Structures are given as structure tokens and as C-alpha cells.
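Reader: I would like to learn how to read this structure feature by feature. Could we go through it together?

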Amino acid sequence: MREEVNCSKNREKKKGMVAFDLDHTLLDHKKGAITPSSLEAIEHLKENGYLVVLASGRNMYDRYSYDYLKEIAPHALVQMNGTKVLLDPLEKQEVLMHSVMSKDLLERLIRFGKEHHIALGTAIEDRDYFTEEEQVVQYDLNFVQESDRNFAPVEELLKEEVSALCYCGGVEGAEALRKNFPELNVFPFSRDTGADLLEKGYSKAMGLEKIAEVYKIPGEKTVAFGDSFNDEEMLLWANVGVAVGNAIPYIKEKADIVAKPIWEDGIYLTLKDLGLI
């Protein structure tokens with residue numbers, strides 16, 4: 001089910017749009033923090049009159065992500081890979097578009113996860129709804145060395161408005177989901193540690209296009225930064241698609257520019273080279 005809102009009010013004119021993925025693009029997972037030079041670059045972009053958009057596979061309002069949203073303070077947000085698009089995400093939270101996964105599909109996914117021992121689910125506010133809870137805890141311990149999940153029965157997801165799910169595991173599980181659910185996009189994480197699951201027809205690019213329409217930003221005034229499979233359409237849509245230097249090889253091949261790695265100030269230096277800061 002897809003709900004769209006027509007926003008006709010006048011918006012402050014912007015010089016252009018610059019969109020950023022979060023994980024492994026702004027967020028350095030080695031340090032567990034957004035790269036300071038990237039935050040500095042974002043502030044300069046705002047000062048110089050550019051629209052800053054955060055485009056993430058995450059639900060940026062869950063307890064694992066909201067602090068990053070506050071730190072970046074973007075003008076607009078494309079979250080869960082384009083299934084929900086908001087303007088002024090920290091204040092008015094004006095929804096441009098919101099897609100909700102059908103209950104039938106959600107129920108089939110939960111059943112498949114249980115039957116095949118595949119960990120999938122999502123976090124909503126302060127609760128974690130997953131199949132195979134022990135696998136999720138081990139996943140956390142493997143990649144962030146701690147786990148403080150607050151699990152609730154995964155069946156309770158059927159009472160919620162769910163736009164996308166997260167799969168925790170290796171390539172085999174992602175392939176099984178792709179094979180058995182052809183109506184889904186299965187976007188592997190850049191480090192083959194899991195995948196985003198969402199209904200086909202949605203992408204970060206779609207979300208950015210809707211935001212650009214509202215702000216009347218022409219295509220030639222758009223730039224996007226990313227690192228992984230779910231960033232491909234966004235980088236191809238933007239006039240300048242930038243793969244950070246630590247991106248997967250596939251995305252580097254699709255980009256117009258390959259920046260230095262984020263820990264070498266790749267975002268800041270690229271924006272400076274483009275004359276935006």
C-alpha cells in the first residue's frame with residue numbers, strides 16, 4: 001500500500017541537492033562515528049544554500065539510528081531505501097510518500113524465516129522483532145561486539161506498519177530470499193553480512209526525485225554519495241554520482257567519481273573539488 005502527499009507550498013530556493021548514504025559513507029563503522037570532516041562538509045553545504053538529504057536503508061527513527069539523524073540534521077530524509085520519504089525530518093516530519101508492506105507478504109516472510117532458520121525482522125522504536133533471535137544476537141557480537149536487543153514476538157510485526165525488513169546473515173540466505181520472493185528487492189549489505197528487503201518499485205532514487213520535484217531542483221544540480229548495492233540507482237539518477245573510496249567495486253564502476261575513502265576525508269575533498277563547499 002502506497003500513500004503519497006502532494007506538497008504544493010513554496011519552498012526556500014536551493015542551489016542544488018546533495019544526498020548521502022549513511023553506513024560506510026558518512027558513518028565509519030571502524031570508529032562507530034560519522035566522519036568529522038563529512039559533518040563539517042555538510043554544515044558548509046547548508047551555509048552555501050544546498051539541500052542536504054540523508055538517503056539510507058535504515059529506519060532512522062529507531063533507537064540505533066536516531067542520534068545519527070540528529071547529528072546530520074538533513075533538510076529531507078529518504079529512509080528504508082525509498083519506502084518512506086520525509087521533509088524536515090527532525091521537526092515537522094512532513095511525509096511525501098510512505099509504502100507499507102502487505103500483511104500477506106509480511107506473514108509469508110516471517111513464516112519462511114522461521115521454517116528455514118533465517119534471521120529477519122526490524123526494529124521499531126525501542127523493540128526488536130526478529131525470527132531466529134539467537135542469530136541476531138550473534139550477528140551483533142560479530143560486527144559491533146555487543147548486543148542490547150529488546151526482543152518482542154516477531155508476530156507482533158503484523159500489527160505494525162512495516163515498510164522494509166532487514167536480513168542478518170550470509171550470501172546463502174539472501175539468495176534463498178531472492179529466489180522465493182521474486183516480488184522483493186534484496187539489497188545485500190556492502191560487507192555481505194545481510195540485506196535490506198523491500199517490495200520492488202522503490203529505491204533511494206525515487207525518493208530523491210520526489211524531493212527534487214518539491215524543491216524544483218533540476219537534475220543537473222544533483223549529487224549523491226554512496227558505497228553499496230542499494231545506492232546504485234541513486235548514483236545513476238544524480239547528475240554526479242560519487243562512490244566513496246571504500247565502496248564495493250561494483251558501485252565504483254557505476255559512479256562518475258570515485259572519492260578517497262571516508263577516513264581519508266573523501267567526501268569533504270570531493271565536495272571541495274566540485275566547488276560546492
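Author: Gladly, and let us start with the lining of the largest pocket. This is a predicted model, and its largest pocket has a lining that divides into 15 nonpolar, 14 polar and 15 charged residues.

Reader: How many residues line the largest pocket, and which lie nearest its centre?

Author: The lining has 44 residues, and those nearest the centre are Asp23, His29, Arg58, Tyr64 and Tyr139. The space in this pocket is about 1400 Å³. Two or more lining residues come from each of α2 (66-72), β9 (119-124), α4 (133-144) and β12 (165-168). Helix α4 gives the most, with four residues.

Reader: What should I look for in the second largest pocket?

Author: Take the volume, then the lining, then the elements that supply it. About 340 Å³ of space lies in the second largest pocket. Its lining has 19 residues, with Asn59, Met80, Lys84, Ile124 and Glu161 closest to the centre. At least two residues each come from β7 (84-87), β8 (94-99) and β9, and the largest share, three residues, belongs to β9. By type, this lining splits into eight nonpolar, six polar and five charged residues.

Reader: What does leucine 271 touch?

Author: Setting aside residues up to four places away in sequence, leucine 271 touches Val18, Phe20, Ala41, Leu45, Phe225, Leu276 and Ile277. Leu271 also belongs to helix α9 (residues 266-273), where the buried residues are Gly266, Ile267, Tyr268, Thr270 and Leu271.

Reader: Which elements do the buried residues of α9 pack against?

Author: They pack against β2 (17-20), α1 (36-47), β15 (222-226), β16 (240-243) and β17 (257-258). After α9 comes glycine 275, with a positive phi near 75 degrees.

Reader: Which residue has a positive phi although it is not a glycine?

Author: One case is glutamine 93, with a positive phi of about 50 degrees. Glutamine 93 sits in the loop between β7 and β8, and its relative accessible area of 37% makes it partly exposed. Another is histidine 117, where phi is positive at about 55 degrees. Histidine 117 lies in the loop between α3 (103-115) and β9 and is exposed, with a relative accessible area of 52%.

Reader: How far is threonine 131 from histidine 117 in space?

Author: Compare the separation along the chain with the distance in space. Threonine 131 and histidine 117 are 14 residues apart in sequence, and their C-alpha atoms are 7.7 Å apart. Threonine 131 is in the loop between β10 (127-130) and α4. Threonine 131 counts as buried because its relative accessibility is 1%, and the cut-off for buried is under 20%. Beyond neighbours within four places in sequence, threonine 131 is in contact with Ile110, Gly113, Lys114, Ile118, Ala119, Leu120, Val136 and Val154.

Reader: Is threonine 193 buried or exposed?

Author: Threonine 193 is buried, at 12% relative accessibility. Threonine 193 lies in the loop between β13 (184-188) and β14 (194-199). Leaving out residues up to four places away in sequence, threonine 193 touches Tyr139, Phe143, Tyr167, Cys168 and Gly169.

Key: Residues are numbered from 1 along each chain as its sequence is written. This is a predicted model: local features need pLDDT of at least 70, side-chain atom pairs count only at pLDDT 80 or more; totals for chains, interfaces and linings use all residues. Side-chain values use heavy atoms; hydrogens and water are left out. Contact means heavy atoms within 4.5 Å. Buried means under 20% relative accessible area, exposed over 50%, partly exposed in between (1.4 Å probe, protein chains only). On a 1 Å grid over the protein atoms alone, a cavity is a set of points where a 1.4 Å probe fits but cannot get out, and a pocket is an open set with protein on both sides within 12 Å along at least five of seven lines; lining residues have an atom within 4 Å of a point. Grid points are joined across faces, edges and corners, and a volume is the space filled by probe spheres set on the points. Ala, Val, Leu, Ile, Met, Phe, Trp, Tyr, Cys and Pro count as nonpolar, Asp, Glu, Lys and Arg as charged, and the others, Gly among them, as polar.
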